[in-house]
Amino acid sequence: MPPDSTTTTAARRQIGSPHRTSAPRRPSPPPSPPPKRMKLLTEILEKAAHAVVEREDYGDVICEQCRTGERPEELLLCDKCDKGYHMKCLRPIVVRVPIGSWICNKCSGDGQRRVRRLSQKKIIDFFRIQRYKKDDIKEKCRSLQDSRKRRRRSLVYQKKRRRLLPFIPSEDPAQRLKQMSTLASALTALHMEFSDDLTYLPGMAPQSANQAKFEQGGMQVLSKEDIETLEQCRAMCKRGECPPLLVVFDSCEGYTVEADDQIKDLTILAEYSGDVDYIKNREHDDCDSMMTLLLARDPSKSLVICPDKRGNIARFINGINNHTSDGKKKQNCKCVRYDVNGECRVILVATRDIAKGERLYYDYNGYEHEYPTQHFV
């Protein structure tokens, strides 16, 4: 018998009917506005630290230092304050036109940069100094005594061919920590890592490209005795016995290096380190401390050392203005490229006795004499 049409919904639920009724619908809320994909210009300007105003005519720009508009091709415009500065009027002097944006010293605060001291633990961690036992110290002293005896015996031979000398670290451990602290602070300020070695990274020149036999005209070979001296210097640096050098900040020259003790002629000061790359890849690089490593017979295979990400104290030793007699008088060290066991290496060596407090300068050109140094201080 068909169910009565008057059967209620409650009755259908009681007899297990599959039919369900829906609850009364509530009015739907108003649609939300679509999410903003772009901020309004007014919001951006309220939060922006500064606004760059485009100007069509820069003919009235003058240098904030010399107050003239001469040599407009050398004027740099700050991307923050929009003021102009001559490259040679800046302190420190800007060598090349920077790639990309440039901020003046007043806006960046670099004019107040100073070298700060670090704690002993931070210095040890920064330079990855190897700790050694007392037995190692005795063995080191014994080897130094033996080397001095050999020097006395070979005095006549040394007069015929001058040998390179290892640097003599400061005897006071606290003074050595101070020297390393100045270097660590300068590297940190330039966002660099410390490295005493040549670095080969993917996308740059491989280690196989660094072969002295590729040098056009040949390369000066470092003798066996001098290689031992170079390795002795590297071993001392790994133990935290650094050369007696300080990194100081000068308002005119920027970071520079001065002797913290007397240094003898022909003393090894440092080995140039950094990332190795082909010159063709760095033709438009604005790094001011690139150093020639290999001048190959095939120019496309020539190499440079780029200490913009990794490097050591050699990166802060300044070049001289070799176009003036006063500039040449300041030169007290030289940068020489050597064949060391078939590999190209660059070593900085003292060319005369250097007094304590004297700043270090070398001819940036080396043997090439192609780089302009008129703007050097």
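A crossing is left-handed if the near helix is turned anticlockwise from the far one by less than a right angle, and right-handed if clockwise. By that rule, helix 4 and helix 7 cross in the left-handed sense. Their axes lie 10 Å apart and meet at an angle of about 65°. Helix 4 covers residues 120-127, and helix 7 covers 173-189. On the helix 4 side, the contact is made by Gln120, Ile123, Phe126 and Phe127. Helix 7 contributes Leu177, Met180, Ser181, Leu183, Ala184, Leu187 and Thr188. The contact of helix 4 with helix 7 has 8 nonpolar residues, 3 polar and no charged.

**Overall picture and confidence**

The model is predicted. Its protein chain has a mean pLDDT of 78, and 68% of the residues reach 70 or more. Two stretches stay under 50. Residues 3-22 form one of them, with 4 contacts beyond four places in sequence. Residues 154-159 form another, with 3 such contacts. Where pLDDT is low, the predicted coordinates should not be read in detail.

The protein chain holds 9 helices and 15 strands. Of its 377 residues, 40% count as buried. Among contacts with a separation of 6 or more, 71% come from residues 24 or more positions apart.

**Methionine 192**

Where does methionine 192 sit? Its place is the loop between helix 7 and strand 3 (193-194). Is methionine 192 buried or exposed? Its relative accessible area is 5%, under the 20% cut-off, so methionine 192 counts as buried.

Which residues does methionine 192 touch, leaving aside neighbours within four places in sequence? The contacts are Phe126, Leu187, Pro307, Asp308, Lys309, Arg310, Gly311 and Arg315. Phe126 and Leu187 also take part in the contact of helix 4 with helix 7. Proline 307 is 115 residues from methionine 192 in sequence. In space, their C-alpha atoms are 8.3 Å apart.

**Salt bridges**

How many salt bridges does a search of the whole structure find? The search gives 14. The table lists some of them.

| Pair | N to O distance |
|---|---|
| Arginine 67 and glutamate 64 | 3.0 Å |
| Glutamate 271 and arginine 234 | 3.4 Å |
| Arginine 345 and glutamate 343 | 3.7 Å |

The pair of glutamate 271 and arginine 234 is joined by a salt bridge between side chains. This pair links distant parts of the chain: glutamate 271 is in strand 7 (residues 268-271), arginine 234 is in helix 8 (residues 224-238), and 37 residues separate them. Both glutamate 271 and arginine 234 are buried.

Arginine 345 has a relative accessible area of 11%, so arginine 345 falls under the 20% limit for buried residues. Glutamate 343 is at 17% and is buried too.

Arginine 67 and glutamate 64 are partly exposed. For arginine 67, the relative accessible area is 49%. That value is not over 50%, so arginine 67 does not count as exposed. Glutamate 64 is at 25% and is partly exposed.

Which residues are linked in a network of salt bridges? The network joins Asp197, Arg234, Glu271, Glu343 and Arg345. Arg234 and Glu271 are buried members of that network.

Technical notes:
Residues numbered from 1 in each chain as written. Predicted model: local features only at pLDDT ≥ 70, side-chain atom pairs only at ≥ 80, totals over all residues. Heavy atoms only, no water. Helix = DSSP H or I, 4+ residues; strand = E, 2+ residues; numbered from the N terminus. Buried < 20%, exposed > 50% of the residue type's maximum accessible area, 1.4 Å probe, protein only. Contact = heavy atoms within 4.5 Å. pLDDT = per-residue confidence, 0-100. Axes fitted to C-alpha atoms, helices over the stretch in contact; angles between N-to-C directions. Nonpolar A, V, L, I, M, F, W, Y, C, P; charged D, E, K, R; others polar. Salt bridge = Lys/Arg side-chain N within 4 Å of Asp/Glu carboxyl O.
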